[in-house]
Amino acid sequence: GPGQVAMYAGLQELGVANGEDLKETLTNCTEPLKAIEQFQTENGVLLPSLQSALPFLDLHGTPRLEFHQSVFDELREKLLERVSAIALEGKVEERYKKLEDLLEKSFSLVKMPSIQPVVMCVMKHLPKVPEKKLKLVMADKDLYKACAVEVKRQIWQDNQALFGDEVSPLLKQYILEKENILFSNEISVLHNFFSPSPKTRRQGEVVQKLTQMIGRNVKLYDMVLQFLRTLFLRTRNVHYCTLRAELLMSLHDLEINEICNVDPCHKFTWCLDACIREKFVDNKRARELQGFLDGVKKGQEQVLGDLSMILCDPFAINTLALSTIRHLQDLVGQDTLPRESPDLLLLLRMLSLGQGAWDMIDSQVFKEPKMEAELITRFLPLLMSFVVDDYTYNVDQKLPSEEKGPIPYPSTIPEAFTKFLQENRIACEVGLYYILHITKQRNKNAFLRLLPALVETFSDLAFSDIFLHLLTGNLTLLGDEFALEEFCTSLFDGFFLTACSRKENVHRHVLRLLLHLHHKVAPAKLESFQKALEPTKQSGEAVKELYTQLTEKLELRKPSPAETSETPSMELPLPTVPTPASR
């Protein structure tokens, strides 16, 4: 059958008899048994000592096929070992010459399943497989599949489309994994999107597979970077920027100098990686990073496009923004203005380079975005004044109150703050991180005061997945406030629900939050939220699924009619029981 034919494919070209030859011999002979014996002698294993041993095996009922198969397997193992040894011994030209000769002899048998591993092994050890052989492998799906990655790299480097087909599903998987973390049902302030260290993230399946596919091949590395740039431009999805940095650092971990030394971002990324690990940019590293930025020479400005992509990685933005908030608090204590702090100015410079990545790569105009003076002279001092308001309020609370009665918390927001959040990207990013900071401090007063400014922000940043993921996590610290209708009205009616119908992702995040905290929410509000959050026909599967989960949870909570009469009203705030952060 056709299987048989494949099994012996290519033998005839080498002058080795196969099943067809035996058939022909038997059809044209007068004494079949003699003919078989002669065929066996001519094509058997040519060792004199075997001649007498074979009849002995026959007596034990061991089929000749089984014997030949075991000899063959043994020989093949020896040959594979030998090929690997040849690849390491002698002068470079000589060893490759030997392997090339071997490939020439054996390639016609590449379709024979029993010989294929040997042919593949020879190719794997050749730094340059002859073009003709590569073309034959590429044209045959099964051969291509069976190839070692070392051979595939040689095929890929001249076939961008084929390489793209291999890489594409991995990139899709990577983005999906990131989104699953952002929308995870686990809501916690301790374990969030930014918790895993850079080293841990680089152990992820996709980064490891890409690293393996690239090997030491600069051309393939460049192709992957080109794919990432193109996809970032097409989708504006910042996770591609994360992958750009992770891939470089994964090659750095393996000390693949052939690639690291030619990537102009290597040292910058390495330094930034250390900051991300600490979630803080210290003074020493700040100097180093500044040195790299100031060192971009005339005629090499294109490197800014790459650096901006590295800085656009959400993990970099997160580190820069957290460091900015910490600096602002220190400045309040030192009575210093933002414009007098070089460290703070550098953080803002890197934030604006990162935030400008898309525009820079899109326009191909490689120069650092101009920093708006107002950001430094008006916006940051505003944030500092909020820090001072909190401080004053807390001190006032502790003072013995004379006739004046308690001083109320400032409830209005300066109009300039709201305007900055709407019109200036960097101000918006830093402002959102300030709000995350006060939420994490359980500062309910400051949170409710600034919340209205989030309804309209620069390109809807307050409704982006990363911010909402962090906000929902931090809100678990204010869990007990959810029993107060006023708090729920401000947070849900005043903020979340304003965007739910136009933004599916917000709908998902609100449902995640309620799934986590429903048992703390004021019952009257919970009922109205359940109505407001009901999925529409347009809603995606994820929203419907979350809504069903929430409905089931609330069903379980409903007391049976008999109990209702005895239960006291739940309108009173529940006694506060500290809950573990990650439930």
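**Cavities and rings**

Analyst: Let's start with a cavity and the parts around it. Domain 2 (157-373) and domain 3 (412-552) both give residues to the lining of the second largest cavity, so this cavity lies between them. Keep in mind that this is a predicted model.

User: Which residues line the second largest cavity?

Analyst: Glu 186, Ile 187, Ser 188, His 191, Asn 192, His 469, Gly 473 and Arg 512 do. By type, that lining splits into one nonpolar, five polar and two charged residues. The space inside is about 30 Å³.

User: How many cavities of 30 Å³ or more does the structure hold?

Analyst: Two. The largest cavity has about 90 Å³ of space. Its lining is made of 13 residues, and the closest to the centre are Arg 201, Ala 245, Asp 273, Ile 276 and Asp 313.

User: Which helices supply at least two residues each to that lining?

Analyst: Look at α12 (198-201), α15 (239-253) and α17 (266-278).

User: Now for rings with rings. How many aromatic pairs are there in the whole structure?

Analyst: A search finds 18. To read a pair, check the distance between ring centres and the angle between planes; an angle under 30 degrees is stacked, over 60 is edge-to-face, and the rest are tilted. Take Phe 379 and Phe 420: their ring centres are 5.2 Å apart and their planes are at 55°, so this pair is tilted.

User: Where in the chain do those two sit?

Analyst: In distant parts: Phe 379 is in helix α23 (residues 373-398) and Phe 420 is in helix α24 (residues 415-423), 41 residues apart.

User: And are Phe 379 and Phe 420 buried or exposed?

Analyst: Buried means under 20% relative accessible area. Phe 379 has a value of 0%, so Phe 379 is buried. Phe 420 comes out at 8%, so Phe 420 counts as buried too.

User: Which residues do ring pairs link into a cluster?

Analyst: Find Phe 447, Phe 463, Phe 482, Phe 487, Phe 492, Phe 495, Phe 496 and Phe 529 in your viewer; ring pairs link these residues into a cluster.

Methods. Residues numbered from 1 in each chain as written. Predicted model: local features only at pLDDT ≥ 70, side-chain atom pairs only at ≥ 80, totals over all residues. Heavy atoms only, no water. 1 Å grid on protein atoms, 1.4 Å probe; cavity = no way out; pocket = protein on both sides within 12 Å on 5 of 7 lines; lining within 4 Å. Points joined across faces, edges and corners; volume = space filled by probe spheres on them. Helix = DSSP H or I, 4+ residues; strand = E, 2+ residues; numbered from the N terminus. Nonpolar A, V, L, I, M, F, W, Y, C, P; charged D, E, K, R; others polar. Domains from an automatic or database assignment. Phe/Tyr/Trp six-rings, centres within 6.5 Å; stacked < 30°, edge-to-face > 60°. Buried < 20%, exposed > 50% of the residue type's maximum accessible area, 1.4 Å probe, protein only.
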